[in-house]
Amino acid sequence: MKSSAPGKIILFGEHAVVYGRPALAVPVTQVHVDVEVLDSPRKGIWIHAPIIDLHAELNSLPPDHAIASVILKILPSPLRPSPSGRGDGGEGGLDIHITSTIPVAAGLGSGAAVSIALIRALSSFLFLDISDDQVNSLAYEIEKIHHGTPSGIDNTVITYAKPVYFIKDKPIETFRAAKPFTIVIGDTGIPALTKESVGDVRRLWTKDKLKFESIFDEIAQIAIVARRSIERGNPQLLGELMNQNHSLLQEMTVSSPELDKLVQAARDAGAPGAKLSGGGRGGNMIALADQATAESVARALMSAGAKNTIITEVA
Ligand code: PMV
């Protein structure tokens, strides 16, 4: 049984989204996680994830291991069909193969994509009828184990694989671009843990709530105007909104010299706007482009030190 999940990128509203403000995110289908679950003649549940150099039997991993915790959530479900012996002392076991082209700790949702592809592949293998909403809430529980206080935006955009206008604890809203637009994603190549930048913002917010609440309110306005511009077919307005959002993220201390350099390089190459995306400090930035300029913006990012670029269209 196979399942695949895309990466994601946040267009507007990261960090503020943790404090109940709206954020916009889109799937990035150029990168993905693929999971295959197969019957195996040998006993046990064997996990093969070459990207993290993991070849192990489930029981040899700690129960809070990122991959083991997903499998354990699905396998002991009371919905599980009568014991087939799979992995639990019967005839044979399972082989779970996980491959990924999503860079880890880069703001592209690799953790949530692994959880979601794994939940879907395992539940189909076990003939469990699991809805998107159930996949999403299971993936959110896993995110909470590993990422502190996540807003849930990563698991939501990846589960539904559609552009989402996300507000924490509110019903999911998807949106459509009336006119397609192009985003260039540039990777600093610096791994950064979202948990840390989210924790730092929380400490700063605790010290100066007035300042941070007002930054979050400004970001909320940007996200609202951005959604309207996208839905009304005015994506050219997004550039200025990205620049404003980036300045506010700088004020929140989550940018870095490398991110700022890539943002500036994109603007210098003609992108009408650019910003960091995701937790910040490292990971990825995005720039608005169009089909004509995307390649040259991507080249400028590589010359400015990006380790990789992805050109994606929001349609
Ligand atoms: O997973 P990342 O790095 O794209 O960051 C998620 C966005 C944050 O707003 C920083 C955190 C969250 O949980 O929403």
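Visitor: What is 2.5 Å from an oxygen atom of the ligand in the side chain of S151?
Guide: An N or O atom of the S151 side chain. Bear in mind that this is a predicted model.

Visitor: OK. And how far is a polar side-chain atom of D154 from a ligand oxygen?
Guide: The distance for D154 is 2.9 Å, again to an oxygen atom of the ligand.

Visitor: What about H15, which atom lies 2.8 Å from a ligand oxygen?
Guide: A backbone N or O atom of H15.

Visitor: How much of the ligand's accessible area does the protein cover?
Guide: On its own the ligand has 380 Å² of accessible area, and the protein covers 93% of that.

Visitor: Where does the ligand sit?
Guide: In the largest pocket.

Visitor: Which residues come nearest?
Guide: There are 15 residues around the ligand, and K8, H15, S151, D154 and T194 come nearest.

Visitor: What's the shell like by class?
Guide: Six residues are nonpolar, six are polar and three are charged.

Key:
Residues numbered from 1 in each chain as written. Predicted model: local features only at pLDDT ≥ 70, side-chain atom pairs only at ≥ 80, totals over all residues. Heavy atoms only, no water. Near = heavy atom within 4 Å. Polar contact = N/O pair within 3.5 Å; in protein donor to acceptor, adjacent residues only side chain to side chain. Areas by Shrake-Rupley, 256 points an atom, 1.4 Å probe, with all protein chains shown as cover. 1 Å grid on protein atoms, 1.4 Å probe; cavity = no way out; pocket = protein on both sides within 12 Å on 5 of 7 lines; lining within 4 Å. Sits in = over half its atoms within 2 Å of the grid points. Nonpolar A, V, L, I, M, F, W, Y, C, P; charged D, E, K, R; others polar.
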